[in-house]
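Look at the chains below. Find where their parts meet, then read on.

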Amino acid sequence: MRDFEYTAPSTLREAVKLLSEKGEAARVLAGGTDLIVQLRARRFQPERVVDVKNIPEVNELSVSPRKGLRIGAAVPCHRIYADEGVKEQFAGLTDASMIIGGIQIQGRASLGGNLCNASPSADSIPALIAYGAEAEVIGPDGKRKIAVEDFCTGPGSNALKPGEMLVAIRMPLPKNNSGGHYLRFIPRNEMDIAVVGAGAFVELGGRSKTRVFKSARIALAAVAPTPLLVAEAGASLEGQPVTEETIAAAAAIAQEAARPISDMRGPAEYRRHLVGVLTKRALIGAVKRANGEFVPNAVQSNGHPVYQLS
Amino acid sequence: MSKIHVQCTINGEPTEFLCEARQSLLEVLREELGFTGTKEGCNDGNCGACSVTVDGVLVDSCLILAAEVQDKTVGTVEGLASAEGLHPLQQKFLEHASLQCGICTPGFLVASKALLDANPNPSQHEIRHWLAGNLCRCTGYDKIVRAVLDAAGTAE
Amino acid sequence: MTDHGETTRKGGEIRNFGTQTYKVVGTRPIRHDGTDKVTGRAVYGGDIRLPGMLYGQILRSPHAHARIQRIDTSRAEALPGVHAVVTAADLPDTTGGRIDLGEGHADTKYMRDNILAGDKVLYRGHAVAGVAAVSLHVAEEALALIDVDYELLEPVIDVETAMKDSAPLLHEGLTTTELNEDTGRKSNIAMHIRHEMGDVQQAFAGAAHVAEAEIRTATVHQGYIEPQNGTASWSEDGQLTIWTSTQGSFTAQKQLATILDIPVSKVRVIPQEIGGGFGGKIPVYVEPVAALLSRKTAHPVKIIMTRADVFESTGPTPGSYVRVKMATDASGKLVASEAHIALEAGAFPGAEIGAAAMCVFSCYDIPHAVVDGYDVVVNKPKSAPYRAPGATQVTWPVEKVMDDLARQLGKDPVAFRLDNAAAEGTRRVDGIVYPRIGGRECLEVARDSDHYQSELSGPYRGRGMAIGYWFNIGLKSAVTASVNADGTVHLVEGSTDIGGTRTSVAMQFAETLGLDAADIYPSVGDTSAIGYTDVTGGSRVTYATGWAAYEAAEDVKRQMIERAAILWESSADQVEYSDGVFKTRDGSKSADFKQLAQKLEDTGGPVVGRATVHPDTGVGGSFAVNIVDVEVDPDTGKVDILRFTVIQDAGKAIHPSYVEGQMQGGSVQGIGWALNEEYAYTEEGRMANSTFLDYRMPTSLDLPMIETIIVEVPNPGHPYGVRGVGEASIAPPPAAVAAAVENATGTQLNVLPLRPDRIINAMEDSIPAAAG
């Protein structure tokens, strides 16, 4: 790895200046769990690295009824899944932040970094998309917002312009009778990259015996050049009763939308098969949570969660 | 490029060092400061042999730049034992024969201590989940998990 | 993963079949080097730091198969901070010859070409040049400044393609040795061996039940956590000192002397603590390059491999293609078997085909058998031993066929194996006639175990069992023992300690002298401090070095008796020693070991015991049996190990905890081999998963507790009945896991690893399994 200039500004303004000066030759450092590996692999050879962790705004994690959830770009996973507000209102994010790497990685890696790294297989991005999250960006021209589903533009590339940086990710508080779930398939039980991931967020209506989907959002990992919002799969559920059949139909739409490739993590055909399995499971998990039922996360699950509608 | 001056606390001792921006905390601990108890197994965050704590949080020292620990406290395996003797985890690892080659042991001990600090009574599943970021190729993990359960007093 | 298993047990079950009980042997003392290893004090090869030390890095081929047309190192040499660059041109001319590595042989030309490529690179990761610089980072930057022109050649990366006449040839000079004779035929098949016994054709013709299997296994790696490392200091007087993590300091010395063409006496190897090896740290890789760089720079040079280097450039175990056919008579007695075994040697000849051929039918009594084995070069790194090398690849097809035959006969799989188990007097196809062995006892203990007797129910759950064997080796060991004035003993041995053998060796010494394990201070000597000792491999250390310790203790005992005689003005034949006490036969004088040790100054000075052994007869093979329960997710194909039991014959377990550790560790490596581990290659011959992230070794979360039952059928060829225990445990797990998955899913599986996508495909191709 080539040596570079290490800077650690304490304000957003300073950070934007440091980034703007170098353009493509500057990289933002938050948790570093992707960046440092990429520097070693010479995927990037920046002249300047801007460590943003001394900036208060990127370290804030807050949940409020009015503003919803705001996750500073550098907040590490371990703070997210330890947060009671997140656990209660955004269980699908807890699911995702708990399975990114192991405990050591989670001590450093941030959802902001996961998003900016723009890996098609990033675990947190489908969960963020399912919750309707927005990225809050600052740059030389001021602040702007980007929907998370539009943030990634290709494997490893994102919508940030030179000089811009991610400040936070925010999303509205879920309404009553809603729930989210993220899961992925890996051959081991931890420490793997998703072969396929699926996140779902649903809002239910109707009475307990005759539940209907008011809305649903479904997003996938590792089956396209970017994490994929399958809007049509979610739309297919609107107004439909909560049944194995409607869920299976949505999963079939997700399978159609997936554009997987074959690599050493899994053949394309198998990935497409998994999209169907995982989309169903993500939806069932989200429905159960919307109904107030317990769906375990990675720490709580000492066995296979039962993905069956009750 | 000129070197960076970093002040931090390592195992309770105020420490300062000079490093290049590209040097990881692992490299500085091992090559500059002589803390060779922290091991390098993969240098990309997938084996946990280089586990240390930074401000009490368990991390892989290969995936943190040395320059980032300015004003922070770092804990390594060398800080586990004291003048009073071995840490209970170290003692239990010995009693349960939890190490064979021993290269992963410092990482497992640092990680296990961080676990018990956060969760003094972990279940077997919680231990296995927490330690999934630490690879051991000799033991099959059985005797490591037993030692941690025993140290926590939560043998089922 | 539903339940990881009980946790209260401190140590596993031990089933004794005639071993003695002892005072020290069979207990579980804390290992002597333990404190250093839990405090971070222990010094491993990578921890070495010498004054003026430079850091080395190695440039490696990005191509799987290419001719090197030109190497220009001038830009690298001009980089500030770079002290030297070396290439194959800096190695002495290669000459013919072979050297013995203890576990395997090596051709000296091939050995040198593997250190730094000559005219061709034969695998991605093949070393091309070495750089020494003031820092790791400068050395790494210099690598990018070395210009190499390659003429790309077509690679061949699997054994079946490599064996075809049309395959691209790796070595223009390689001709097939067929049944010990050079055929002169140019081929990637380096060697074809055959073992034959009885009349196989006729036996098959008359058989009642026949079953066959055809399997393929992927290249897998030992996966030790410590990368290869080496530090060299070549002094102006021609003396080369090497600090390295090696399984054999004398084997490293021999390789270095051969590769560098200098006398062994000029090479001193100082073994450091070693972070795992499993066979992979017998060959040297970076040490000769560090030596060349040290000679060129007059500085010590340290080289540590990256993890990608470890995967791409050290020796994994061969991928394989194996066919097995076996037959029984109507009563269920095995009558005939045949095997075709083709192993990928990697870039240079020397897969462990001989071992595979020895092990393939080793568990059974079969009167008529034939085994054909092929050692085949492919464009992958040169394979190295990996725990029972060759045995795992052949155990799966044999056990698969045994399960098939048991089904045909309507017999329980363990009962069928017991009906046909090899025993004392059984002649193996390779000619060996067994002394007392414990295979039958292991099967009986398995049959009667709580695990095998337990019910397994639930959809997509299945149980499998398998037995595997490793023959173990003896070879040479040396031990010296200095008696201290306080009655303790400093023990120096030549075997590097990978998994607690300092203690298992010291315990045998302590037992022999009636001392406590804690009275012995064992250490590993360097090549200048102890007599020649072979590798820590072949499960030989507790056996052979333990035997040397026993002999050294006997030597100490003889000398101490002489000292007592001097002290008491008696004669040696009037002094006896038992239970740690010397006394005259008339009982008038007595002193315990410690008291007598205090008197050594007055009776002639220090007592140093010594022994060397070479016990090549008497080595006792070891059997391992697995019982495994799995659950398969029918939607994803993912396999969870619900319960796993390993039963293994240790002869006598010197330190049962470390015996269990070997059994558990080998089992889990076998589980990894079965389920997920593989070298995933691109069409160009590039390993696509050379990280721990994507190589997917089992983590703690992927496993239950590994239950152990130690079986003790004493080895008559050892003073304490020891058999080696390090290796047999890796042979049966893929077979047992695959059987369990087949039973859970109602499928047949023929390729390792049993990846989830393969299981889903197999389930789609077959009738869905009945629940339960």
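The paragraphs below go from domains to the core and then to a chain interface.

This is a predicted model, in which local features need pLDDT of at least 70, side-chain atom pairs count only at pLDDT 80 or more, and totals for chains, interfaces and linings use all residues. Residues are numbered from 1 along each chain as its sequence is written, while chains are lettered from A and ligands numbered from 1 in the order in which they are written.

Start with chain C. Its division gives domain 1 (46-147 + 228-304), domain 2 (154-221 + 315-411 + 426-433) and domain 3 (474-613); such bounds come from an automatic or database domain assignment. The C-alpha centres of domain 1 and domain 2 of chain C are 34 Å apart. Between these two domains, 18 residues of domain 1 are in contact with 21 residues of domain 2 (C-beta atoms, placed from the backbone, within 7 Å).

Now the core. The largest nonpolar core holds 410 residues. Such a core is a set of buried Ala, Val, Leu, Ile, Met, Phe, Trp, Tyr and Cys residues joined through C-beta atoms within 7 Å. Buried means that 20 or more other C-beta atoms lie within 10 Å of a residue's own. A:Val196 and C:Ile341 touch the most other members. Leaving out residues up to four places away in sequence, the contacts of C:Ile341 include C:Val322, C:Ile353 and C:Tyr374.

Last, the chain interface. Here 47 residues of chain C are in contact with 48 residues of chain B. H18(C) gives the most to the chain C side, with eight residues.

Conventions. A residue is buried if 20 or more other C-beta atoms lie within 10 Å of its own, exposed if 12 or fewer, and partly exposed in between; C-beta atoms are placed from the backbone. Helices (H or I, at least four residues) and strands (E, at least two) are DSSP runs, numbered from the N terminus.
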